[in-house]
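Subject: Structure handover

Hello,

Here is the structure I promised to pass on. Please open it first, then read my notes below.

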Amino acid sequence: MDGSSQEEEEDRTFTNISLADDTDHSSRILYPRPKSLLPKMMNADMDAVDAENQVELEEKTRLINQVLELQHTLEDLSARVDAVKEENLKLKSENQVLGQ
């Protein structure tokens, strides 16, 4: 074995793998697909899914708006409670002064 035949032998031990789709499909038997309503059904299903998604989105939006409204109401009530507490403390102080 000289140097060149040894290289040829080494080359044969490696397998070249192509990343391109170069497979020969000519030997494969292809059966024609029967025409069906599948694409139409899929479109109808997609429309139904889109409608469901739209309903869900509207419901989520409604709930988010309701939560935000309740948060604002809670903030307003908390501010009102704080104001009433402050007013109560003033009145207690005044009553103490008047009592003395």
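I begin with one pair of residues. Glutamate 59 and arginine 62 sit three residues apart in helix 2, which spans residues 38-99, so about one helical turn separates them. Their side chains meet in a salt bridge, with 2.7 Å from N to O. That is the one salt bridge the structure holds. In general, side chains of opposite charge can pair when their charged atoms come close.

Please keep in mind that this is a predicted model.

How exposed are the two partners? Glutamate 59 has 36% relative accessibility. Arginine 62 has 44%. Buried would need under 20% and exposed over 50%, so both count as partly exposed.

Now the wider view. The protein has two helices and zero strands. It has 100 residues, and 0% of them count as buried.

An unreviewed UniProt entry annotates residues 60-94 as a "coiled-coil region". In the model, that stretch is 100% helix and 0% strand. The C-alpha atoms at its ends are 51 Å apart.

One more surface feature deserves a look. Which residues form the patch of negative charge? They are Asp82, Glu86, Glu87 and Glu94, gathered on the surface. Take aspartate 82 as an example. It lies in helix 2. Its relative accessible area is 48%, so aspartate 82 is partly exposed.

For your own tour, start at the salt bridge between glutamate 59 and arginine 62. Then go on to the negative patch that includes Asp82 and Glu94.

Best wishes

Conventions: Residues numbered from 1 in each chain as written. Predicted model: local features only at pLDDT ≥ 70, side-chain atom pairs only at ≥ 80, totals over all residues. Heavy atoms only, no water. Salt bridge = Lys/Arg side-chain N within 4 Å of Asp/Glu carboxyl O. Helix = DSSP H or I, 4+ residues; strand = E, 2+ residues; numbered from the N terminus. Buried < 20%, exposed > 50% of the residue type's maximum accessible area, 1.4 Å probe, protein only. UniProt positions renumbered as here; feature names shortened; annotations may be inferred. Patch = residues over 30% accessible without salt bridge, like charges linked within 9 Å, V, L, I, M, F, W, Y side chains within 5 Å. Areas by Shrake-Rupley, 256 points an atom, 1.4 Å probe, with all protein chains shown as cover. Lys, Arg positive; Asp, Glu negative; His and termini not counted. Charge placed at Lys NZ, Arg CZ, Asp CG, Glu CD.
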